Amino acid sequence: MKQSKLLNWLLLIISVLLLFITLQYIILSVISVRRVFVAANSSEIGTQIELNTKDSTWLELYKQKNWMESRLKLAKSDSIYLSINLQDSTLQLELKGVVLKTSSIAELRHDRFFDELTGNAYHHYFGQEASGVQTLASIDKVPLTVKKAPKDSLEFASQSNVIDSTEVQEINWLMHLDNGIELKIKGIKSKSSHNNSFWRQQKLKQIKNNFSKTLIFEVPEYNPSIEIYVDETDAKAIYRAIPAQPMVCIRL
Amino acid sequence: MRKISLSISCNSLRSKKLSFILRGLLFSISSFLLFAWMIWSVAPWIKNQPLFFKSKVEVTSTSSNTPDVNLLRAENLVLQKKLDRMTPGGVYLVINTSDNTFFLYKNKELFRKGMCSTGSFIKLEAANNKSWIFETPKGVFTIKGKITDPVWRKPDWAFVEEGLPVPPAGDPSRYEYGVLGDYALSLGDGYLIHGTLYKRFLGMPVTHGCVRMGDDDLEAVYQTLPVGAKVFIF
């Protein structure tokens, strides 16, 4: 009987502990968003311009101006860059100002954090071009196949020279930008897939990082994210075309 | 009689213990599931609610020098013109090495599109530690020259790939006629846009770095693109 009571207490303590950890995790997660929000809104920019949020025409023109200025700046570089217009739902691959590929965005999701941005914060995230600092993907960037040279023509004749048919894969990639944004590009096929291990792994990794921080009462990192669903082949072509650390300009 | 009653009480004690353990187990599993659900789904939902992250945050707006709508409109027009000017007005070619497709533009309009073949991304490793990567380079190029009835001067890898001994430079076995189609356009560094005998592979990444096209497409590209025209490869 004593053992049962002890077990009862143990279960109760574990449950209370789990509840406490959960609450701690949630509270610190909210604090992390709040911190980023406050920091973005108070960030210093060159020219202080207040967003005239009441006038939608003004706001649209202003965002368009920012986007075009960024594209013009990027056009001066020699590398391929991404320009994303969330207003027109287009994802473009550009080089020297020439649009190489336009992919229409089938679906767009972003954190509600972006809906609450004020002038300074808008500048911080979208006022200028950003650079990709890390990219993770479900496919290889360079699909290299290593082939040993045959010793003679007999060995060459016996080698299989059949080319693999164009294999359809789920294409997903995640890019961390230097301004803190997480850009998630998802092939439209992955939307209906219930077995998307790539995003599950990313989420698990993030939870693990956040969790280890919250356990020692540290505020976890928060990166506002934008999720873009595009055609599978476009997602693949764009991922393979951009350099390892591409420049990106986004128009919200 | 006493034995029977003892065994009954023993049984009931055992079943009580079992039910207690089961209840405990159920309780632990459900609390763990609840915990996982809160962390996996509830926490992300809560932190996405402005009600929580925005509450009592004072957003200080700085002195405004907001330009007016007409000024913005004028500025945007200028910017748009600058951007438009960056696209070549004459003819240019865009090649997608991922889909193995090409797009020929004339006066900023799509003039012709079709399938092509680009680099296979095969790394050929020879016995003497030499290696070659068969990749089509990416970036912006210009047409350096135009050739009719091109002859393929086979490089070393063409022999290594087939397990043949590499002949000396200028050896007649290095020259192959009629395999590059009727025309070729040079992009520099030995890369060409040319025809192919293997038309069934068009649309696939099978080349050693050059761009292969079907006969009609190649003729159209050859006739349209002058020397100096831009070719964008991505």
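Where in chain B does Asp216(B) lie? I would like to start there, and the answer is that Asp216(B) belongs to helix α5 of chain B, the element that runs over residues 215-224. Before I go further, please keep in mind that what we are looking at is a predicted model.

On the surface, Asp216(B) gathers with Asp149(B), Asp182(B) and Glu219(B) in a patch of negative charge.

If you want to find Lys76(A) in the structure, look in the loop of chain A between α2, residues 56-75, and β1, residues 81-85. Lys76(A) has a relative accessibility of 68%, and therefore it counts as exposed.

Now to the backbone, where two residues deserve a careful look. Phe217(A), which is not a glycine, has a positive phi, with a value near 60°. Phe217(A) sits in the loop of chain A that lies between α6, residues 197-215, and β9, residues 225-230.

Asn107(B) is placed in the loop between β2, residues 101-106, and β3, residues 109-117, of chain B. The relative accessible area of Asn107(B) is 55%, so this residue, too, is exposed.

Let me finish with chain A as a whole. Chain A has 252 residues, of which 50% are buried, and its secondary structure comprises 7 helices and 10 strands. If we take the contacts in chain A with a separation of 6 or more, 71% of them are accounted for by residues 24 or more positions apart. The accessible surface of chain A comes to about 12800 Å², and carbon and sulfur atoms hold 55% of that area.

To return to the opening question, then, Asp216(B) is in helix α5 of chain B, and it is one of the residues in the patch of negative charge on the surface.

Notes: Residues numbered from 1 in each chain as written. Chains lettered and ligands numbered in written order. Predicted model: local features only at pLDDT ≥ 70, side-chain atom pairs only at ≥ 80, totals over all residues. Heavy atoms only, no water. Helix = DSSP H or I, 4+ residues; strand = E, 2+ residues; numbered from the N terminus. Buried < 20%, exposed > 50% of the residue type's maximum accessible area, 1.4 Å probe, protein only. Patch = residues over 30% accessible without salt bridge, like charges linked within 9 Å, V, L, I, M, F, W, Y side chains within 5 Å. Areas by Shrake-Rupley, 256 points an atom, 1.4 Å probe, with all protein chains shown as cover. Salt bridge = Lys/Arg side-chain N within 4 Å of Asp/Glu carboxyl O. Lys, Arg positive; Asp, Glu negative; His and termini not counted. Charge placed at Lys NZ, Arg CZ, Asp CG, Glu CD. Contact = heavy atoms within 4.5 Å.
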